[in-house]
Amino acid sequence: MGTKQTKGCQPGSAGESPPAHHRKKVPPRERGDFLASLVVKSGEKFGKAGGSSLPPYHRRICMIQDMLVLVKQGKQEEATELLRHLRQDLGMESTSLDDVLYRYASFRNLVDPITHDLIISLARYIHCPKPEGDSLGAMEKLCRQLTYHLSPHSQWRRQGIMKRKPQSCLKAVLMGKPQDNTVDLSGIPLTLKDLDRVTSYLQHSSEHIDTVELCFTELTDDMLLQLLPVLCVLPHLTTLSLNGNRLTKAILRDLTETLKDPKKFPSVTWIDLGNNVDIFSLPQPFLVSLKRRCPKQGNLPTILEFGEGQVSDMEGQDG
């Protein structure tokens, strides 16, 4: 099946595209140097001195923007290579674009299925440009959606990443009862000192919290470990969002061990860990522990024991 689909995207068919898709052949060595410098620039575009001090989402957003520029310039090979770097940075480890497009097209990224689907759609537009319709317009829309998804939502604008929420927002959130039973700190950069105030608030408001949003807050592994004792005992917490931070796969060991205890995170149905440093898949004990907490949901497609057909059947039963 994959072979037949791939044939439709061979260079011969691509050559029938309009003049807009004509591109200049670049020697492999020069192309490699160009792409290497482009990836470096992508990581530093929003930084002052060093791009390495920025959270991973900055680099990823820049790569999306640079990729769109390359497509507009007709540099399809360079755009394809930059997309490969983006896929690897997001944990889609396969280096074969055909694998991403066809063989694994139905596979859901264990951490972030939305990003996975958008990346597959982008790959199709770059790898198999269509002469009919507004293909470029559709790709621009996909890039906007992916940029929005990988950015602090409330702070995103078309021209890039705007200033983050001021620290005064933290004071406003940590006053009174949580609005809609949600503690939303997303987009507010937290410091170690701030965590003491957050911990105190969570303890005093524990009976009124079912969602905690800590997206894009500069959280590191050590900071999450400091919050973990109070988060795991919130009796009604169902969703914990930790995406867009500086967390590494090392934190999965602590989270998995915590989830093994049924008394901790008693009501949690999902923990969002997407768009962090290198958390690309979730350990099976982590997923099984979540499933035990929400047996009625019954359709976690991320558990390896379930095939696509079984998941679809379960979803149909739930419906």
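This is a predicted model: local features need pLDDT of at least 70, side-chain atom pairs count only at pLDDT 80 or more; totals for chains, interfaces and linings use all residues.
I started with burial: of the protein's 319 residues, 44% count as buried (buried is under 20% relative accessible area, exposed over 50%, partly exposed in between, with a 1.4 Å probe and protein chains only). Residues are numbered from 1 along each chain as its sequence is written, and side-chain values use heavy atoms, leaving out hydrogens and water.

Next I looked up the secondary structure and found 14 helices and six strands (DSSP runs numbered from the N terminus: helices are H or I with at least four residues, strands E with at least two).

Then I picked helix α10, residues 192–204. Its 13 residues should span 18 Å at 1.5 Å a residue, and the end C-alpha atoms are 19 Å apart, which agrees (the expected span is 1.5 Å times one less than the number of residues).

Which residues of α10 are buried? I got Asp194, Leu195, Val198, Thr199, Tyr201 and Leu202. Seen down the axis, the buried residues of α10 fall within an arc of 165°, so they line one face of the helix (the arc is that of the directions from the helix axis to the C-beta atoms). The face turned away from that buried side carries exposed Lys193, Asp196 and His204.

What covers the buried residues of α10? The cover includes α9 (168–173), β3 (182–184), β4 (211–213) and α11 (221–231).

Key:
Contact means heavy atoms within 4.5 Å.
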